Amino acid sequence: MIGSNNAWNVTLYDNLRFNFTRDIAPVASIYRGPAVLVVHPSFPAKSVPELIAYGKSNPGQINMASGGVGSAQHVYGE
């Protein structure tokens, strides 16, 4: 069984001992987890493009919570 973190490793590490795309073959999907981006209703951004624009124009002003370093939520936030 693998998770999305295994696919992320392909982009994070240059010297894996295997080729994820070539050496892994999917058999069945047994789990899907939703990912939801939320902001407080008073936050000025109301869409993802607006959030990106706000972050670029206000560096260091946005905080984010996640399940911890390397978690799915952390990678989504990055």
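This report describes the overall build of a predicted protein model and then a few of its residues.

Because the model is predicted, local features need pLDDT of at least 70 and side-chain atom pairs count only at pLDDT 80 or more, while totals for chains, interfaces and linings use all residues. Residues are numbered from 1 along each chain as its sequence is written, and side-chain values use heavy atoms, with hydrogens and water left out.

## Overall build

The protein has four helices and zero strands, and its pattern along the sequence reads α-α-α-α. The radius of gyration is 17 Å, well over the 12 Å that the globule rule gives for 78 residues, so the protein is more spread out than a compact globule. Here the radius is taken over C-alpha atoms, and the globule rule is 2.2 Å times the number of residues to the power 0.38. Helices are DSSP runs of H or I with at least four residues, strands are runs of E with at least two, and both are numbered from the N terminus.

Along the principal axes, the C-alpha trace spans about 45 × 30 × 20 Å. Of the 78 residues, 8% count as buried, where buried means under 20% relative accessible area, exposed means over 50%, and partly exposed lies in between, with a 1.4 Å probe and protein chains only. The protein exposes about 7100 Å², of which carbon and sulfur atoms supply 56%; these areas come from the Shrake-Rupley method with a 1.4 Å probe, and for residues only the protein chains shown count as cover.

Among contacts (heavy atoms within 4.5 Å) between residues at least 6 apart in sequence, 21% join residues at least 24 apart. The mean positions of the 5 positive and 4 negative charges are 5 Å apart. In that count Lys and Arg are positive and Asp and Glu negative, with His and the chain ends not counted, and each charge is placed at NZ of Lys, CZ of Arg, CG of Asp or CD of Glu.

## Selected residues

Arg22 has its place in helix α2 and is exposed, with a relative accessible area of 62%. In the loop between α2 and α3, Ile24 is partly exposed at 34% relative accessible area. Apart from neighbours within four places in sequence, Ile24 is in contact with Ile2 and Asn19.

The loop between α2 (20-23) and α3 (48-57) also holds Arg32, which is exposed, with a relative accessible area of 72%. Ser47 belongs to the loop between α2 and α3 as well, and it counts as partly exposed at 32% relative accessibility.

| Pair | Separation in sequence | C-alpha distance |
|---|---|---|
| Arg22 and Ile2 | 20 residues | 15 Å |
| Ile24 and Asn6 | 18 residues | 10 Å |
| Arg32 and Gln61 | 29 residues | 32 Å |
| Ser47 and Leu37 | ten residues | 9.6 Å |

Ser71 sits in the loop between α3 and α4 (72-77) and is buried, with a relative accessible area of 15%. Its side chain is joined to that of Gln73 by a polar contact of 3.2 Å; such a contact is a pair of N or O atoms within 3.5 Å, where, within protein, one must be able to donate a hydrogen and the other to accept it, and residues adjacent in sequence count only if both atoms are side-chain atoms. Leaving aside neighbours within four places in sequence, Ser71 is in contact with Trp8 and Ser66.
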